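The sequence and the coordinates come next.

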Amino acid sequence: MKAAVLNDYGQPMRIEDVTIDPPRSGEVQVRIGATGVCHSDYHVIKGEWKYGLPMILGHEAAGVVEAVGPNVTGIQPGDHAVLSFRPACGRCRMCALGRSVLCEGHTGDRFKMLDGTARVHRNGEDLSVLARMGSFAEQVVIPAEQVVPVRNDVPMEILALVGCAVTTGVGAAVSAARVEPGSSVAVIGCGGVGLNVIQGAALVNAGRIIAIDLLDNKLEFARQFGATDTINASQVNAVEQVRALTGGGVDYAFEVIGNARTVEQAIEMTRAAGTACIVGMAPQGSRATFDPLALVTKETRLIGTWYGSARPRIDFPRMVELTVAGKLKVQELISRRYTLDEINDGFDRLGRGEVARGVIVF
Ligand SMILES: [Zn+2]
Ligand SMILES: [Zn+2]
């Protein structure tokens, strides 16, 4: 099969012929229908997150089940499935709490199968796959616990985005921060995930939703997804502007970039008794600062959320239903489609902030 392989940091991926083994016990083979071009992959490409190379990236994906290995229940060939990039062993403390995103049930290499071996090879050499998935390939073999079957009448490009951007953004607003109806919200960073925080806040009837970005084209997208106000932070002080618009700060501020300075701004633009919610994923080793006295005297709630704090088996089908019902816009997020051969162009455009979401369609 064809796959995009990252051989060196800071270099384009190469489309290469690789081989894939059949699924072993507890594994599922999936023919990828669509896979998103997400910033998390971009961190690895740029070397901001360093893992072992060579590696097949790609963690936002959906496809059709091609084959199931022994000891897999509840998944059949032909099923349409959204893939989760986090494990869910079902037995650890975090899984028992309903917080499988934080699953700590597996200790092995996160870029190989659960038995520690690889299913994808290049001339006999094992290849690592991001998140035990590596969806920048025509097919994947993935642990069954990361495969969530869904209804089979929804376009693959929509299902793919449910696998990361939609669940991460909507979940941040709805499940992690629990935005209350009528409350005020600020969202710093209006890429694929940020737009979903905005529509998640709109879904639960937030009042004022203030979108903040450096690019006017992204602020225009933000209005289409429910932002009531926009701030171009390249022209004004975003913190002062949010305080002025809301009479002292927002009830909920979301940081969706992963930048230390904007994390600080999110805390600063939150009003007393408010919540600052960190969604963006920073480069490894970065540090942000805050004023601890202000955190106490404003009783600020500072929280992080990963993957929308989702329970994929519950939340993926719900996101799909909300989309079919017209309550979430997902097709509208997709501003560019690529073939696998065009993947490097896709990341270049992501880097330049040209797209809401780009998707590779097979
Ligand atoms: Zn992602
Ligand atoms: Zn677990």
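At 64% relative accessibility, E299 counts as exposed, because exposed means over 50% relative accessible area, buried under 20% and partly exposed in between (1.4 Å probe, protein chains only). E299 sits in the loop between α9 (292-297) and β18 (301-304). Helices (H or I, at least four residues) and strands (E, at least two) are DSSP runs, numbered from the N terminus. E299 is not a glycine, yet its phi is positive, about 45°.

This is a predicted model, in which local features need pLDDT of at least 70, side-chain atom pairs count only at pLDDT 80 or more, and totals for chains, interfaces and linings use all residues. Residues are numbered from 1 along each chain as its sequence is written, chains are lettered from A and ligands numbered from 1 in the order in which they are written, and side-chain values use heavy atoms, with hydrogens and water left out.

A273 also has a positive phi, about 65°, and is not a glycine. A273 belongs to strand β17 (residues 270-278). With a relative accessible area of 65%, A273 is exposed.

C38 lies in the loop between β4 (27-37) and α1 (39-46), and C164 in the loop between α3 (156-162) and α4, so the pair ties together parts that are 126 residues apart in sequence. C38 and C164 are both buried.

The ideal angle for four tetrahedral donors is 109.5 degrees. C89 is buried at a relative accessible area of 10%. C95 is buried too, at 14% relative accessibility.

Helix α4 comes next. Ten of its twelve residues are buried, so α4 is mostly covered. Among the buried ones are A165, V166, T167 and T168. Just after α4, R178 takes a positive phi of about 55°.

Helix α4 (residues 165-176) also gives the largest share of the lining of the second largest pocket, three residues. That pocket has a volume of about 330 Å³. Of its 14 lining residues, R99, S175, A176, R178 and S309 are the closest to its centre. On a 1 Å grid over the protein atoms alone, a cavity is a set of points where a 1.4 Å probe fits but cannot get out, and a pocket is an open set with protein on both sides within 12 Å along at least five of seven lines; lining residues have an atom within 4 Å of a point. Grid points are joined across faces, edges and corners, and a volume is the space filled by probe spheres set on the points. The pocket lining divides into six nonpolar, five polar and three charged residues. Ala, Val, Leu, Ile, Met, Phe, Trp, Tyr, Cys and Pro count as nonpolar, Asp, Glu, Lys and Arg as charged, and the others, Gly among them, as polar.

How many cavities of 30 Å³ or more are there? The count is one. The largest cavity has a volume of about 80 Å³. Its lining holds 17 residues, with R119, V120, V129, M133 and V141 nearest its centre. Of the lining residues, 13 are nonpolar, two polar and two charged. Strand β11 (residues 139-143) gives the most, three residues.

V120 leads on to a sheet: it is the bridge partner, in β8, of I20. The open sheet has three strands in the order β3-β8-β9, with antiparallel pairing. Two strands pair if DSSP finds at least two bridges between them. The edge strands, β3 (19-20) and β9 (125-126), each pair on one side only.

Last, a cis peptide bond joins L53 and P54, with omega about 0°. L53 is partly exposed, at 25% relative accessibility.
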